[in-house]
Number of protein chains: 2
Amino acid sequence: MDGRIDLASALSTFDEAWAPRTVASLNDYDVRVVKTQGEFTRHSHPETDEFFLVLRGSLTIKMDGGDVELGPGQVYVVPRGVSHQPVSAEGAEVLLIEPSATTNTGDTPSELTAERRAV
Amino acid sequence: MDGRIDLASALSTFDEAWAPRTVASLNDYDVRVVKTQGEFTRHSHPETDEFFLVLRGSLTIKMDGGDVELGPGQVYVVPRGVSHQPVSAEGAEVLLIEPSATTNTGDTPSELTAERRAV
């Protein structure tokens, strides 16, 4: 039946880092997959928490209060308003869940700001 | 730093099937892990979609429109109001995301209805 999403298959359709793809909706939230590589813009989301689940590789979320190191099967929810910088030296594949209106660079738009985009 | 959740570790703390544990909050949503085994109550959630990601094992979501078979790394979002019966012959470990007020049996309370509970 339609509607099942294989996350690895979705991730195999693109290579670009820091460019989330929306694979499903959950009410007014987006389920997104993203590849991370290198350093992202430090930013916050004043309106919302942000859910991260690492599927493959490793991701560090740098924050003033300390860093969170995530490997496969590990989750962290960045609280709303908390400044954070995702960094991924080795690269990672990550599942993100956040309100559909959320942009990747939050309050710090840059050339890394991505449009909402499906796979 | 505190706040990182290892999903396999959270799942290792209990054995009971169909008894979700809330491991984190995302705004007014819960991030839950659950073990599935056998047949669950057929039910719907009139107020919300429901996110399923299978982490281990296999889960079938039976619906009038057809069944969805999920293995590791596969996602399905059950639309609000759609009657569904989760069935898991071999057992599975599943990540659920849904509004915190959502109960597992939705509109069909039974002895399987679980209180909201942390790990």
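Colleague: What makes β7(A) and strand β1 (residues 5-6) of chain B a pair?

Modeller: This is a predicted model, in which local features need pLDDT of at least 70, side-chain atom pairs count only at pLDDT 80 or more, and totals for chains, interfaces and linings use all residues. Residues are numbered from 1 along each chain as its sequence is written, and chains are lettered from A and ligands numbered from 1 in the order in which they are written. Two strands pair if DSSP finds at least two bridges between them; β7(A) and β1(B) have two bridges, in the antiparallel sense, so they pair. A:Gln74 has B:Asp6 as its bridge partner in β1(B).

Colleague: Which strand of chain A pairs with β7(B)?

Modeller: Strand β1 (residues 5-6) of chain A does, over two antiparallel bridges. There, A:Asp6 stands opposite B:Gln74.

Colleague: Why is strand β7 (residues 74-78) of chain A called largely enclosed?

Modeller: A residue is buried if 20 or more other C-beta atoms, placed from the backbone, lie within 10 Å of its own. Four of the five residues of β7(A) are buried, so the rest of the structure largely encloses this strand. Within chain A, strand β4 (residues 50-57) pairs with β7(A) over four antiparallel bridges, and A:Leu53 has A:Val75 as its bridge partner.

Colleague: How many residues does the contact take from each chain?

Modeller: Chain B gives 26 residues and chain A gives 26 residues, where contact requires C-beta atoms, placed from the backbone, within 7 Å. On the side of chain B that touches chain A, the largest share, four residues, comes from β7(B).

Key
Buried ≥ 20, exposed ≤ 12 C-beta atoms within 10 Å, placed from the backbone. Contact = placed C-beta atoms within 7 Å.
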